[in-house]
Amino acid sequence: MRISTFFYTIKQGIINIFRNKWFSLASIATIGACLFLFGLFYAVIANFQNIVKTAQEGVSVTVFFDEGISQEKIEEIGALIDKRVEVSRKEFISADEAWASFKEEYLGEYADGFTENPLADSANFEIYLNDVSMQPALVSYLEEVDGIRTVNRSEITASTLTGVNALVAYISVGIIAILFAVSIFLISNTVTIGIAVRKEEITIMKYIGATDFFVRSPFVIEGMLIGVIGALLPMGIIYVLYNKVIEYIMIKFHMLTKLLSFLPVEQVFDILLPVAVLMGVGIGFLGSITTVRKHLRV
């Protein structure tokens with residue numbers, strides 16, 4: 001494509017937007033509304049997944065050793081655990097550390113009556129996972145390792161968090177598909193109107209030798225520009241509102257501060273902004289290219 005043709009195509013795409021300004025505004029508003037909902041949905045889901053991830057990081061598998069096991073054997077078991085892909089990190093809790101923690105949490109001043117450590121055989125590894133859904137595989141492996149007496153795990157917590165993650169994924173895909181389809185429909189209608197308005201002009205262009213690409217490109221550019229504008233406007237609104245909403249929640253529900261950990265707006269927009277713009281461009285391209293192929297028969 002020559003440079004002059006490229007700039008002509010861009011110019012005609014912009015002119016098309018203003019030529020059908022009411023339909024263009026309707027398409028921009030619809031795409032903007034869809035991507036605004038998508039942006040809100042993504043921000044909520046991203047923060048929710050962050051909260052779930054934080055909860056997952058606190059879920060551990062605890063391994064207790066056989067009575068009288070040597071320190072050498074414990075280190076050998078630790079090396080085996082480190083090789084497992086499920087393991088994020090592990091912590092060794094000695095019998096003395098376990099007793100000190102138990103006294104502080106449950107006994108307080110009543111612990112003075114104990115002269116010996118009643119948890120002498122309670123040394124253990126606390127194992128934290130990369131993904132809580134991997135817990136069953138790790139537990140099955142650990143139960144077969146020589147030197148391990150007991151493996152404690154939280155099956156209900158693990159299955160609940162895994163189920164929540166799966167549910168969020170399914171809902172995300174469903175909502176995105178619906179918003180995508182609605183937006184493509186609106187772009188398609190806008191481009192169809194543009195083709196109808198310029199039908200006679202397009203026919204003349206074809207008669208004097210204009211290629212299909214030259215005729216169709218402005219409509220594709222029009223759809224993509226509408227998509228970009230429809231993506232940037234709601235992203236700007238969400239960017240402004242995000243911190244204000246988070247601040248309001250933390251003030252209004254300050255008792256939840258320790259339970260809720262919100263992502264900074266920059267971290268959310270690192271993914272949200274490029275995805276939203278790509279969705280806008282993609283919606284505009286697909287809506288316009290399919291419409292042009294269907295209706296532009298000259």
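Predicted model: local features only at pLDDT ≥ 70, side-chain atom pairs only at ≥ 80, totals over all residues.

Now switch to a cartoon view. You'll find nine helices and four strands in the protein chain. Walk along from the N terminus and the elements come in the order α-α-β-α-β-α-β-α-β-α-α-α-α.

**Stop 1**

Four of them form an open sheet in the order 2-3-1-4, with antiparallel pairing. Strand 2 (87–93) and strand 4 (148–152) stand at the edges, and each has a single partner strand, so one side of each is left without a neighbour in the sheet. From one strand to the next, the twist averages 20°. What holds such strands side by side? Strands of a sheet pair through backbone hydrogen bonds, either parallel or antiparallel.

Zoom in on strand 2 and strand 3 (residues 124–129), which pair in the antiparallel sense over six bridges. Click F92 to see one of these pairings: its bridge partner in strand 3 is F125.

**Stop 2: strand 1**

Next, select residues 60–65, which make up strand 1. How many of the residues of strand 1 are buried? Six of the six are, so strand 1 is largely enclosed by the rest of the structure. Show the side chains and look at both faces: S60, T62 and F64 are buried on one side, and V61, V63 and F65 are buried on the other.

Strand 1 has partners to look at, too. Five bridges join strand 1 to strand 3, and the two run antiparallel. Pick S60 and you'll see that it stands opposite Y128 in strand 3. Four bridges join strand 1 to strand 4, again antiparallel. Here, V63 has V151 in strand 4 as its bridge partner.

Stay in strand 1 and click T62. Is T62 buried or exposed? T62 has a relative accessible area of 15%, and the cut-off for buried is under 20%, so T62 counts as buried. Leaving aside its neighbours within four places in sequence, T62 is in contact with N124, F125, E126, T150, V151 and N152.

**Stop 3: a helix across the sheet**

Select residues 71–82, which form helix 3. Helix 3 lies across strand 1, strand 2, strand 3 and strand 4, and runs at about 165° to strand 2.

**Stop 4: salt bridges**

Go to D82 and K90: they form a salt bridge, with their closest N and O atoms 2.9 Å apart. D82 is partly exposed, with a relative accessible area of 48%, and K90 is partly exposed as well, at 27%.

Then select E86 and R84, whose side chains meet in a salt bridge at 2.7 Å, N to O. E86 counts as buried because its relative accessibility is 5%, whereas R84 is partly exposed with 23%.

Now try R89 and E91, where the side chains meet in a salt bridge at 2.7 Å, N to O. R89 counts as partly exposed at 38% relative accessibility, and E91 is partly exposed with 32%. For a linked set, select K73, E76 and D146: salt bridges that share partners join them into one network.

**Stop 5: a patch on the surface**

Switch to a surface view and select W22, F23 and L25. These residues form a nonpolar patch on the surface, with about 380 Å² of accessible area together. F23 sits in helix 2 (residues 21–57) and counts as partly exposed, at 42% relative accessibility.

**Last stop: helix 9**

Finish by selecting residues 265–295, which are helix 9, and find V275 in it. V275 counts as partly exposed, with 31% relative accessibility. Draw a distance line from V275 to A231: they are 44 residues apart along the chain, and their C-alpha atoms are separated by 9.5 Å.

How values were computed
Residues numbered from 1 in each chain as written. Heavy atoms only, no water. Patch = residues over 30% accessible without salt bridge, like charges linked within 9 Å, V, L, I, M, F, W, Y side chains within 5 Å. Areas by Shrake-Rupley, 256 points an atom, 1.4 Å probe, with all protein chains shown as cover. Salt bridge = Lys/Arg side-chain N within 4 Å of Asp/Glu carboxyl O. Buried < 20%, exposed > 50% of the residue type's maximum accessible area, 1.4 Å probe, protein only. Pairing = 2+ DSSP bridges. Axes fitted to C-alpha atoms, helices over the stretch in contact; angles between N-to-C directions. Contact = heavy atoms within 4.5 Å.
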